[in-house]
Amino acid sequence: MPEATYGGVPRNKIPWYPIIDYDKCDLCGRDPECKKFCAHFVFEVVEEHGKKKLIVKNPNNCVVFCTSCENVCPIPGALKFPPKKEVRDLIGKLRKEG
Ligand code: SF4
Ligand code: SF4
């Protein structure tokens with residue numbers, strides 16, 4: 001189960017999860033490497049207008065600051081993450097606000 005908080009901050013307030021570039025992602029043919037790799041059920045494949053599409057179904061399941069699925073993706077830039085520093089600063093700010 002994903003943690004409900006990270007560093008004392010509610011997980012759902014932390015914008016850390018993969019961002020899919022749909023201009024680049026080709027679903028790895030039909031068998032998404034990222035979805036197979038991630039043990040946290042972050043990704044899902046859905047059908048949209050008769051076409052299969054990868055989505056980030058459970059963003060809050062993503063482990064904060066993990067980027068591992070980027071390494072198994074065969075297409076550079078198909079998965080991106082926000083700048084770590086920005087997210088770290090935001091977590092610090094939210095923590096201070098309590
Ligand atoms: S591993 Fe990369 S190319 Fe393959 S489905 Fe995931 S994002 Fe798309
Ligand atoms: S960054 Fe890590 S936890 Fe998040 S979706 Fe990718 S492999 Fe899963």
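A salt bridge is a side-chain nitrogen of Lys or Arg within 4 Å of a carboxyl oxygen of Asp or Glu. Keep that in mind for this tour. The model on your screen is predicted.

**Stop 1: helix α3**

Select residues 84-97, which form helix α3. Now pick Lys93 and Glu97. Their side chains meet in a salt bridge, 3.6 Å from N to O. Both residues lie in helix α3, 4 residues apart, which is about one turn of the helix. Glu97 counts as exposed because its relative accessibility is 56%, and exposed means over 50%.

Next, click Lys96, which also lies in helix α3. Is Lys96 buried or exposed? Lys96 is exposed, with a relative accessible area of 77%.

**Stop 2**

How many salt bridges does a search of the whole structure find? The search finds 8. Select Lys36 and Asp31: their side chains meet in one of these contacts, at 3.2 Å from N to O. Asp31 is partly exposed, at 41% relative accessibility.

Then show Glu44 and Lys35. Their side chains form a salt bridge at 4.0 Å, N to O. Glu44 is partly exposed, with a relative accessible area of 27%. Lys35 is partly exposed too, at 34% relative accessibility.

**Stop 3: a hairpin**

Select residues 43-48, strand β4, and residues 51-56, strand β5. The two strands run antiparallel, joined by 6 bridges. Find Val45 and look across to β5: its bridge partner there is Leu54.

Now stretch a distance line from His49 to Lys96. These residues are 47 apart in sequence and 45 Å apart in space, C-alpha to C-alpha.

**Stop 4: ligand 1**

Leu54 comes up again here, as one of the residues around ligand 1. Show the others as well, including Cys25, Cys28, Cys34 and Cys73. Asp26 and Glu33 are also among them. The shell divides into 9 nonpolar, no polar and 2 charged residues. The space that ligand 1 takes up is the largest cavity.

**Stop 5: ligand 2**

Move to ligand 2. Which residues surround ligand 2? Among them are Cys38, His40, Cys62, Cys66, Thr67 and Cys69. By class, the shell has 10 nonpolar, 2 polar and no charged residues.

Definitions and conventions:
Residues are numbered from 1 along each chain as its sequence is written. Chains are lettered from A and ligands numbered from 1 in the order in which they are written. This is a predicted model: local features need pLDDT of at least 70, side-chain atom pairs count only at pLDDT 80 or more; totals for chains, interfaces and linings use all residues. Side-chain values use heavy atoms; hydrogens and water are left out. A residue is near a molecule or strand if one of its heavy atoms lies within 4 Å of it. On a 1 Å grid over the protein atoms alone, a cavity is a set of points where a 1.4 Å probe fits but cannot get out, and a pocket is an open set with protein on both sides within 12 Å along at least five of seven lines; lining residues have an atom within 4 Å of a point. A molecule sits in a cavity or pocket if more than half of its atoms lie within 2 Å of its grid points. Ala, Val, Leu, Ile, Met, Phe, Trp, Tyr, Cys and Pro count as nonpolar, Asp, Glu, Lys and Arg as charged, and the others, Gly among them, as polar. Two strands pair if DSSP finds at least two bridges between them. Buried means under 20% relative accessible area, exposed over 50%, partly exposed in between (1.4 Å probe, protein chains only).
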